[in-house]
Structures are given as C-alpha cells and as structure tokens.
Amino acid sequence: MSTFLWESIAFGPIHSRRLGQSLGINLMPVDEKICTFNCLYCECGWTLEKNLNAREPYPLETVMEAIEHKLSDCHDHNTPVDSITFSGNGEPTLYPWFDQVIDRLLALRDKYYPDAVITCLSNATQLYRPEIITALQRIENPMLKLDAGTQVMLDTINAPIVPVDIEQVTEQLCSFNGNLIIQTMFLSGEQEGRAFDNSVDPEWSQWLARIRRIRPKRIVIYSLDRETPAMQLHKFDKPYLDSIAEKLHAEGFNAEAY
C-alpha cells in the first residue's frame, strides 16, 4: 500500500479535475493523517485512532503566516489561482480554530485573489458544531461528503472512528438550504468478506432519497483515482459515472462526473 501526505501547510497550486488551479491548505500535521473517518479509499492511508487528539495543532498564527506567504508569492509571480482549497492530511474542520482561519482567509483572498473561490473538502462529521456550519456557510464551495445512503454502507466505506449517524448528518446537510456541493465516491469491492457497491439498489435509492432532501446546488461524483489503503476495491469508468450523472440530471440536479 502506498500513501500520500502533503508536506506543508500551503501547497500548489495544482491542477484539480474539479476546481481548476487549486491552492491547497493543509491544517493537519505533515507526517500523519488526522481524521474522523477511516475510508477504504483514502490516498492518505489509514487513520490511527490514537492520533485523533494526540498531536498539538499548528498555532493559528503559524497557519495564517504560511497561507499569506503562499498567496503573496503566487500573486507576485502572476500564478493563476481559481480555488483556495482546504484539503490536506485529514479532516480540516477538526482544526480547533477553523472558524478563525475562514474569517481571516476571506480577507486575504480579497486582497490577493478576489476572483478565487474558497473551497473546503469535508467529511461533514463536525457539522454538529454550530461554528463549523457558520464558517462553511461563509465560503463559496462547502464541498461535503456523502458516500452512502444507509448506515451500513457508511460504516463499510467510511469506517468512522467516532460515532457518526447518517440521519443526523443528512439533517445537518439540509441546514445549508441547498448552498453546498455534495461529493460522492462511487465504487465497489469487498470488505471483511462482504461485497458492496454503493451505485446500485437498494443503496442507490437510499442515497438518492437523501440527495432529494438536501437539494445541493451541485453534485460531484467520481471514483478511484489513486492507490488505496484497502485492497479489493474496484473503480468505475467514466461512462458508468456519466450514466449516474444522467440519472441525477433527470431529477433536476446539477451533477458532474470526474
């Protein structure tokens, strides 16, 4: 198994299939993944539960200095930036001062790249915290994960290391009133001797029912692109993903397959 970790707080820009020229922000350590999920497909590798609260986070000023230095350097070199994107080595909303980072980043974005959007790739497990929902509602692209329609499938694919109730998460996603992007990884495979496929019924119908409740402004669907920590996972090709997108178009959703 190969894994990949970002080696700095601010990195790129890199070309993203979904976001164009994306300048990344990693709020997690550079040498390990910190996340509430243990997704079978995560390019950063497995989550070690003991690490969730074991590391001191970067000081807020250290984070903001790194971000401003990167933005200033890109600006001085006329480097295009379409999106300033929270991603990195785990779940960005676990950073204890995430809302303050958003507040200060909005000012920096307006100073250096006023036409860029701010994106956060999140697994949605911290939406029970009001300050996280408020912070995400202030940016253009809160891009929130929903890989499953049922609790069993969420537990299989995402393997949370903290209690995560899919119904509670769905209700919290509904609180965005449609001003969010849902991202879904479609795949099939085998886990602990049991086959799974989140693209077919009955799982598909359950997922679609949640999408109908959430009414996101956009749905991004994709499949495996990099090496994964779990074996026996199967990637769906682009024509198959396009067929899923067509089903969503028929429902009136803006859906894109990558």
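Which residues of helix H3 (residues 130-137) are buried? They are Ile132, Ile133, Ala135 and Leu136, where buried means under 20% relative accessible area, exposed over 50% and partly exposed in between (1.4 Å probe, protein chains only). This is a predicted model, in which local features need pLDDT of at least 70 and side-chain atom pairs count only at pLDDT 80 or more, while totals for chains, interfaces and linings use all residues. Residues are numbered from 1 along each chain as its sequence is written, and side-chain values use heavy atoms, with hydrogens and water left out.

**Helix H3**

- An α-helix has 3.6 residues a turn, so residues three or four places apart point the same way.
- The cover over these buried residues includes helix H2 (98-112), strand S4 (117-122), strand S5 (141-145) and helix H5 (166-174).
- Helices (H or I, at least four residues) and strands (E, at least two) are DSSP runs, numbered from the N terminus.

**The sheet**

- Eight strands form an open sheet with mixed pairing, in the order S1-S2-S3-S4-S5-S6-S9-S11; two strands pair if DSSP finds at least two bridges between them.
- Strand S1 (10-16) and strand S11 (255-257) are the edge strands, each pairing on one side only.
- On average, neighbouring strands of this sheet are turned by 25 degrees against each other, direction ignored.
- S4 and S5 run parallel and are joined by four bridges.
- Helix H1 packs on the sheet, where it touches S1, strand S2 (20-25) and strand S3 (83-86); contact means heavy atoms within 4.5 Å.
- The direction of H1 makes about 55 degrees with that of S1; axes are lines fitted to C-alpha atoms, for helices over the stretch in contact, and angles run from 0 to 180 degrees between N-to-C directions.

**Asn141 in strand S5**

- Asn141 is found in strand S5 and is buried, with a relative accessible area of 11%.
- The side chains of Asn141 and Thr119 are joined by a polar contact of 3.2 Å. A polar contact is a pair of N or O atoms within 3.5 Å; within protein, one must be able to donate a hydrogen and the other to accept it, and residues adjacent in sequence count only if both atoms are side-chain atoms.

**Glu61 in helix H1**

- Glu61 belongs to helix H1 (residues 60-76) and is partly exposed, at 41% relative accessible area.
- Its side chain makes a polar contact of 2.8 Å with the side chain of Arg104.
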